[in-house]
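Okay, everyone, I've got a few minutes and one structure to show you. Let me put it up, and then I'll walk you through some spots.

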Amino acid sequence: MRKKVIAGNWKMNMTPSKAVVLAKEIVLKNQNKDNCDIVICVPAIDIPAVYETVKGTNVKLGAQNVHFAPSGAFTGELSVDMLKESGVEYVIIGHSERRQYFGETDETVNKRVTAALNGGLKVILCVGELLEEREAGKTLDVVDTQTRKALEGVPASALENLIIAYEPVWAIGTGKVATTEQADEVCGIIRGIIADLYSKAEADKFIIQYGGSMNAKNAEELLKMPNIDGGLIGGASLKSDDFTVIIDSAK
Ligand code: PGA
């Protein structure tokens with residue numbers, strides 16, 4: 001039995017004062033729940049304030065990116081140690097917005113994944129195809145390549161700290177959710193890649209989330225599917241009531 005993981009991706013939303021209010025609501029509405037693991041991935045500037053709010057609770061703190069170097073001349077970036085010392089447990093890597101707008105490549109994603117896992121962070125690695133890639137029948141190739149390249153050099157012993165989020169780019173922030181069958185099919189294919197790279201036993205334990213317009217209405221149906229072990233939720237994670245419904249849908 002895989003325990004589901006529900007993660008909010010706040011993206012570039014919430015100033016520190018607003019972040020604390022939202023985090024407090026999420027903590028209060030989800031106290032003592034253990035049907036799933038709950039993570040909120042907040043903007044870097046919000047991390048210290050949100051850490052004070054969630055520490056000691058069942059809500060875990062995540063960041064939205066991390067650099068692969070331990071320190072140095074990388075203006076605007078944050079290191080694994082900076083995040084860890086600030087109470088961060090999880091980090092999203094390779095989100096399609098980073099790939100599309102900030103020049104993230106399979107190679108830099110692999111370096112960030114490696115550095116984060118080596119440094120003791122839990123990683124939520126995002127993979128997923130563009131609309132034109134789906135329409136051209138390339139979904140499986142894209143997901144296969146992104147997954148294999150991101151995992152190059154990652155040992156089986158690190159898999160317990162890794163989650164893959166399948167996020168079809170055309171479903172992110174568009175209100176256009178993948179059908180449960182489309183989502184489950186690709187999550188199943190990712191599980192097959194893990195089995196191929198590592199073993200069936202590793203694949204059976206491995207957490208694979210769906211992300212892309214998951215909300216309070218469609219979460220239950222998606223989370224029932226055999227290969228979907230949780231969600232990475234953008235827009236709907238900014239409303240504590242909606243996020244709580246999604247958390248309650250994860251059984
Ligand atoms: P969305 O975003 O739920 O707003 O579609 C998901 C994501 O980008 O992680």
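Predicted model: local features only at pLDDT ≥ 70, side-chain atom pairs only at ≥ 80, totals over all residues.

So, Met 14 is in the loop between E1 and H1; the helices (H or I, at least four residues) and strands (E, at least two) are DSSP runs, numbered from the N terminus. Residues are numbered from 1 along each chain as its sequence is written, and side-chain values use heavy atoms, with hydrogens and water left out.

Met 14 isn't a glycine, yet its phi is positive, about 85 degrees. Most residues other than glycine have a negative phi. Met 14 counts as partly exposed because its relative accessible area is 26%; buried means under 20%, exposed over 50%, partly exposed in between, with a 1.4 Å probe and protein chains only.

Lys 11 sits in the loop between strand E1 (4-9) and helix H1 (16-29), and this non-glycine also has a positive phi, about 50 degrees.

Which residues come nearest to the ligand? Of the 13 around it, they are Lys 11, His 95, Glu 167, Gly 173 and Ser 213, where near means a heavy atom within 4 Å. That shell splits into four nonpolar, seven polar and two charged residues. For the bookkeeping, Ala, Val, Leu, Ile, Met, Phe, Trp, Tyr, Cys and Pro are nonpolar, Asp, Glu, Lys and Arg charged, and the others, Gly among them, polar.

Now the ligand's oxygen atoms. A polar side-chain atom of Lys 11 is 2.7 Å from a ligand oxygen. From the backbone, an N or O atom of Gly 234 lies 2.8 Å from a ligand oxygen, and one of Gly 235 lies 2.9 Å from a ligand oxygen. On its own the ligand has 280 Å² of accessible area, and the protein covers 95% of that (Shrake-Rupley, 1.4 Å probe).

Last stop, the rings. Where does the charged end of Arg 98 sit? Over the ring of Phe 102, 4.2 Å from its centre; the test is NZ of Lys or CZ of Arg within 6 Å of the ring centre and within 35 degrees of the ring normal. Phe 102 itself is exposed, because its relative accessible area is 53%. Tyr 101 is exposed too, at 57%.

Methods. Polar contact = N/O pair within 3.5 Å; in protein donor to acceptor, adjacent residues only side chain to side chain.
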